[in-house]
Amino acid sequence: MPPVPENVVPVLLPIPADRPYSYAVPEGMKLVAGDIVAVPLGPRTVIAAVWDGETDNVDPGKLREIEGRFDCPPLDAAMRRFVDWVANYCLAPPGMVLKMVLRAPGALVPLEPMEGIVYSGREPERMTKAREAVLDLARDGLAWTRSGLAHAAGVSSGVVDGLMAQAVLSRIEIPAPPVVAPPDPDHATTELSDGQAQAADALRKAVEADGFSATLLEGVTGSGKTEVYFEAVAAALKKGRQVLILLPEIALTAAFLERFEQRFGAKPAEWHSDVSPKRREQVWRQVATGEVRVVAGARSALFLPFEELGLVVIDEEHDPAYKQEDRVFYHARDMAVVRANLTGVPAVLVSATPSIESRVNAEAGKYGHIRLAERYAAAELPEIKVIDMRRSGPARGSFISPVLIEAMKQTLEKKQQSLLFLNRRGYAPLTLCRVCGHRFQCPDCSAWLVEHRFRRQLVCHHCGHSEPVPEACPECGALDHLVACGPGVERLAEEVLHHFPDARTIVLSSDLLGGVSRLRLELEAIAKGEVDIVIGTQLVAKGHNFPAMTCVGVIDADLGLANGDPRAAERTFQLLAQVTGRAGRTGAASTGFLQSYQPEHSVIAALAAGDSESFYAREIEARRQAALPPFGRLASVIVSAASRQEAERHAREMRRAASAHAEISVLGPAEAPMALIRGRHRFRLLVHASRRADLQGWLRQWLNAGPKARGSVRVQIDIDPQSFL
Ligand code: ADP
Ligand code: ZN
């Protein structure tokens with residue numbers, strides 16, 4: 001047997017293995033932990049990272065060599081610990097977490113310098129008018145691109161080529177420009193109110209002190225939280241550190257980027273799925289090399305390899321969009337706090353309606369708690385009025401109550417804006433045949449097809465399946481007897497058009513044709529007052545500043561309460577407070593209307609009274625009583641398979657294999673409320689644990705010892721689940 005080569009290192013591969021593999025380091029190659037390398041795996045070459053820890057006892061005959069090291073800064077120790085930590089907490093293979101880090105492969109090689117040309121000082125053999133025009137410009141001594149110079153001189157690029165051939169112009173390399181200009185912490189400082197200044201001071205101190213801290217910055221919508229945390233960003237920049245700002249719907253927050261630019265003189269680097277792959281590679285590289293100082297990004301920005309991170313801000317920290325429920329299931333807010341902790345820097349969590357988890361942490365003193373009590377300047381929060389739909393509802397077949405119509409009319413007369421909020425895309429959530437009662441259902445999901453009248457289609461909101469709206473019922477053949485049941489935003493638009501034929505009305509939902517760029521334009525138009533009535537789904541609820549908006553109507557305030565999951569009350573409270581918070585941001589008196597069939601429900605009552613404190617007190621107490629998060633812990637196990645039988649059988653076998661534990665109990669299996677998604681049948685088990693129990697350890701043991709998933713069966717683990725569908 002050949003001896004084990006001296007130089008063997010553990011390498012973490014982007015595959016679902018539970019530990020790093022060993023590879024030999026070729027002679028002459030110097031490697032440190034965190035280096036990004038290319039290694040052979042079967043017949044392929046994959047990008048991986050040199051990891052920590054011991055190497056396995058490997059058979060030297062099987063040991064393969066690392067193919068190459070990328071010219072790229074290594075992932076630092078804090079980043080590597082973060083990857084391991086997330087994997088361990090979320091019960092995901094560490095390589096799959098690393099895969100989220102290495103998502104921009106083009107970033108691993110240095111950016112190509114651009115080719116530039118400069119004037120060499122020589123004169124051409126023969127001068128022409130065109131050459132003269134070129135040299136007039138080039139004599140400034142600065143570098144030009146070939147086409148840029150020709151264009152500016154108004155000549156063909158052949159003229160430039162001719163001068164290069166005679167060495168009048170010579171080639172140089174221009175380093176790739178930074179993707180964004182460096183932000184200047186002193187560019188345009190904001191005059192803060194007393195309350196804001198105190199809050200900013202506290203955050204600044206946290207940044208200036210070395211080490212981890214977590215602070216909840218809580219203040220009503222419009223209180224100036226953004227202005228305040230910008231001061232923390234400035235402090236981190238002054239300290240020479242980089243900053244990560246997480247935002248849930250960054251693609252739609254063009255206004256945020258502009259505000260940042262006003263304050264810091266340059267935009268932050270954006271990171272989200274609508275940024276082009278090429279641009280993402282540039283951002284990744286420059287985050288790693290330190291040229292990018294501030295990133296504003298969606299949850300995946302959490303896995304960027306900052307060179308010198310100094311502050312993490314999680315804006316709208318309560319937002320459900322921070323939970324990823326795909327491949328690696330993780331909550332970006334919680335993992336952001338972990339990353340700050342492992343890096344030894346402050347985390348700031350920002351919200352008008354904090355999550356119960358963050359409020360409990362703040363009240364327990366685990367997090368600092370900074371509060372902004374009122375809106376900035378003269379702006380008042382909207383007055384909230386509940387419309388009791390049992391008594392004051394609209395006529396059958398309509399959805400906007402007379403009180404709300406009247407308020408919209410007055411708003412229109414005052415040349416102000418109204419917003420109607422309904423969290424349902426399309427025309428109607430259910431279509432049925434009046435003759436035989438046939439309901440249109442998705443062939444692959446347990447969900448009704450939603451009619452989208454603008455597109456003349458029936459669409460599944462879970463898998464995207466769509467079919468044209470038929471003229472005849474597919475079951476009984478009756479012609480023209482399909483009826484729409486219940487409202488979607490498109491149907492509301494029809495009703496608004498009936499009442500306000502001359503108003504400028506717009507429907508905003510995520511399926512708008514034209515995608516994100518169109519949505520950005522529409523949001524801008526609303527902010528500029530070019531629209532009278534906005535009808536929208538939850539994407540209008542998020543952080544936007546609409547100065548002329550003074551009337552907000554929630555069409556179905558009870559919608560989220562019917563969900564019956566442990567977070568229904570919290571979610572509804574947050575969403576409705578955020579939606580009504582779009583009103584009255586600039587001083588004019590404003591009103592939020594909640595159409596409800598259960599006005600006495602504690603969530604609706606707390607919103608009506610503007611009493612968030614009593615809501616939090618009651619909800620926290622209810623969670624404590626039931627040992628629900630954060631007083632106890634939950635994990636979902638989702639078993640899916642091609643057939644219902646297979647899924648159920650495996651779920652039951654798992655249940656039987658669960659070992660008894662005094663602090664951990666398993667509920668289920670039960671067929672999931674979404675029993676079928678994309679053709680896969682689903683069963684759920686819910687694991688409930690006390691805070692003391694080692695939930696992850698127990699789960700790991702259960703998964704290792706329990707039945708192995710065979711055939712089409714798949715098992716997904718969701719720690720701290722947010723969705724129970
Ligand atoms: P929040 O993030 O709490 O919703 P913002 O930071 O967006 O609040 O502030 C709401 C509005 O008030 C914004 O238009 C902002 O520019 C303005 N504002 C807040 N504080 C100040 C301040 N100190 N000086 C000038 N404008 C401010
Ligand atoms: Zn479907």
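User: Why is T45 called partly exposed?

Analyst: T45 has a relative accessibility of 48%. Buried means under 20% relative accessible area, exposed means over 50%, and partly exposed is in between (1.4 Å probe, protein chains only). T45 therefore counts as partly exposed. T45 lies in strand 4 (residues 44–50); helices (H or I, at least four residues) and strands (E, at least two) are DSSP runs, numbered from the N terminus. Between T45 and E67 there are 22 residues of separation in sequence and 8.4 Å in space, C-alpha to C-alpha. The model is predicted, and local features need pLDDT of at least 70, side-chain atom pairs count only at pLDDT 80 or more, while totals for chains, interfaces and linings use all residues. Residues are numbered from 1 along each chain as its sequence is written, chains are lettered from A and ligands numbered from 1 in the order in which they are written, and side-chain values use heavy atoms, with hydrogens and water left out.

User: What makes D480 count as exposed?

Analyst: The relative accessibility of D480 is 66%, and therefore D480 is classed as exposed. The residue sits in the loop between strand 22 and strand 23 (482–485). D480 also has a positive phi of about 55°, although it is not a glycine. Most residues other than glycine have a negative phi.

User: How does A167 count, given its relative accessibility?

Analyst: The value for A167 is 28%, which means that A167 is partly exposed. A167 is found in the loop between helix 5 (157–165) and strand 7 (169–174). Its phi is near 65°, a positive value in a residue other than glycine.

User: Is S358 buried or exposed, and how do you know?

Analyst: S358 has a relative accessible area of 2%, so S358 is buried. The residue belongs to helix 11 (residues 356–363).

User: What does the side chain of S358 make a polar contact with?

Analyst: The partner is the side chain of E317, at 2.7 Å. A polar contact is a pair of N or O atoms within 3.5 Å; within protein, one must be able to donate a hydrogen and the other to accept it, and residues adjacent in sequence count only if both atoms are side-chain atoms.

User: Why is the arrangement around the zinc ion (ligand 2) called tetrahedral?

Analyst: The four donor atoms subtend angles of 107 to 114° at the zinc ion (ligand 2), and therefore the arrangement is tetrahedral. Four donors get that label if all angles lie between 85 and 135 degrees. Ideal angles at a metal are 109.5 degrees for four tetrahedral donors.

User: Which atoms coordinate the zinc ion (ligand 2)?

Analyst: They are C442 (SG), C445 (SG), C460 (SG) and C463 (SG), at 2.3 to 2.4 Å. Donors are N, O and S atoms within 2.8 Å of the metal (3.2 Å for Na, K and Ca); water is not among the atoms, so sites may look incomplete. Along the chain the donors follow the spacing C-x2-C-x14-C-x2-C.

User: How many residues surround ligand 1?

Analyst: There are 16, and the closest are E191, G222, K225, T226 and R259. A residue is near a molecule if one of its heavy atoms lies within 4 Å of it. Helix 7 (residues 225–238) gives the most to this shell, with three residues.

User: Which side chains have an N or O atom at 3.1 Å or 3.0 Å from an oxygen atom of ligand 1?

Analyst: For E227 the distance is 3.1 Å, and for N545 it is 3.0 Å. A polar side-chain atom of Q196 lies 2.8 Å from a nitrogen atom of ligand 1.

Key: Tetrahedral: all angles 85-135°; square planar, octahedral: opposite > 155°, others 65-115°.
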